[in-house]
Amino acid sequence: MSTTLRNIFILLVFALLATKAVEHFSHLSPGTRDSRAEPAAATGNAAYKADEAYVIHDQLVLRAGDNGHFTVQATVGTPITFMVDTGATTVVLTPDDASRLGLNPDTLAFNAVFETGNGRTPVALITLDRLSIGSLDLYDVPAAVITKPMSMSLLGMSALEQLDGYEVGGDQMI
């Protein structure tokens with residue numbers, strides 16, 4: 001093989017390697033650490049707390065907690081921690097969280113019934129004008145206030161279906 005041909009071959013190999021390296025590392029934004037993302041708090045995104053949340057290319061990425069559940073802090077006029085529940089038809093607020101939003105559970109009309117894992121329970125159907133997770137805003141979100149105390153409000157399908165989509169893989173939800 002001539003020296004010129006060999007040099008061209010070496011140049012092509014380096015170009016191919018450089019292209020593959022750019023493809024492999026293209027998910028890193030300027031200023032990110034050697035992990036695949038920045039914590040949402042470090043990006044100025046208010047959606048952190050929970051167990052872990054990150055922002056990657058304007059997508060919110062949640063990391064499951066030790067218990068395997070995905071939680072996220074959202075703002076509905078005030079910050080509320082939600083557990084993401086794809087099995088819940090709607091967003092469900094605990095009586096305490098409803099009170100924090102200025103809703104008085106004593107004056108709400110509990111005229112609907114939900115079937116839950118713990119049996120039938122009366123609920124008051126409401127609409128959340130705006131639910132924000134970091135820079136993501138959802139509007140006119142159907143929700144319910146439950147009468148039974150729960151450890152955490154639920155971010156159900158009435159919110160999730162407003163997203164372009166979501167995906168769960170291992171301990172991450174995107």
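**Cores and a pocket in a predicted model**

Reader: Which residues does Leu-128 touch, leaving out those up to four places away in sequence?
Author: The model is a predicted one. Contact here means heavy atoms within 4.5 Å. With residues up to four places away in sequence set aside, the partners of Leu-128 are Val-76, Val-91, Leu-93, Tyr-139, Asp-140, Val-141 and Ala-143.

Reader: Which element gives the most residues to the largest nonpolar core?
Author: This core has 26 residues, and Leu-128 is among those that touch the most other members, along with Phe-82, Val-84, Val-91, Leu-131 and Leu-155. Two or more residues come from each of β4 (71–75), β5 (79–84), β6 (91–93), β8 (119–133), β9 (136–146) and α3 (157–160). The top contributor, with 5 residues, is β8.

Reader: How many residues are in the second, separate core?
Author: Its members include Ala-112, Val-123, Ala-144 and Ile-146. The count for this second core is 8 residues.

Reader: Which strand supplies the largest share of the lining of the second largest pocket?
Author: The second largest pocket holds about 330 Å³ of space. Its lining of 17 residues has Thr-116, Gly-117, Ile-146, Met-150 and Leu-154 nearest the centre, and divides by class into 7 nonpolar, 7 polar and 3 charged. The largest share, 3 residues, comes from residues 112–116, strand β7.

Reader: What percentage of the residues in the chain is buried?
Author: The chain has 3 helices and 12 strands, and its accessible surface is about 10600 Å², 54% of it from carbon and sulfur atoms. Buried means under 20% relative accessible area. Of the 174 residues, the buried share is 33%.

Terms used: Residues numbered from 1 in each chain as written. Predicted model: local features only at pLDDT ≥ 70, side-chain atom pairs only at ≥ 80, totals over all residues. Heavy atoms only, no water. Helix = DSSP H or I, 4+ residues; strand = E, 2+ residues; numbered from the N terminus. Buried < 20%, exposed > 50% of the residue type's maximum accessible area, 1.4 Å probe, protein only. Areas by Shrake-Rupley, 256 points an atom, 1.4 Å probe, with all protein chains shown as cover. 1 Å grid on protein atoms, 1.4 Å probe; cavity = no way out; pocket = protein on both sides within 12 Å on 5 of 7 lines; lining within 4 Å. Points joined across faces, edges and corners; volume = space filled by probe spheres on them. Nonpolar A, V, L, I, M, F, W, Y, C, P; charged D, E, K, R; others polar. Core = buried A, V, L, I, M, F, W, Y, C linked by side-chain atoms within 4.5 Å.
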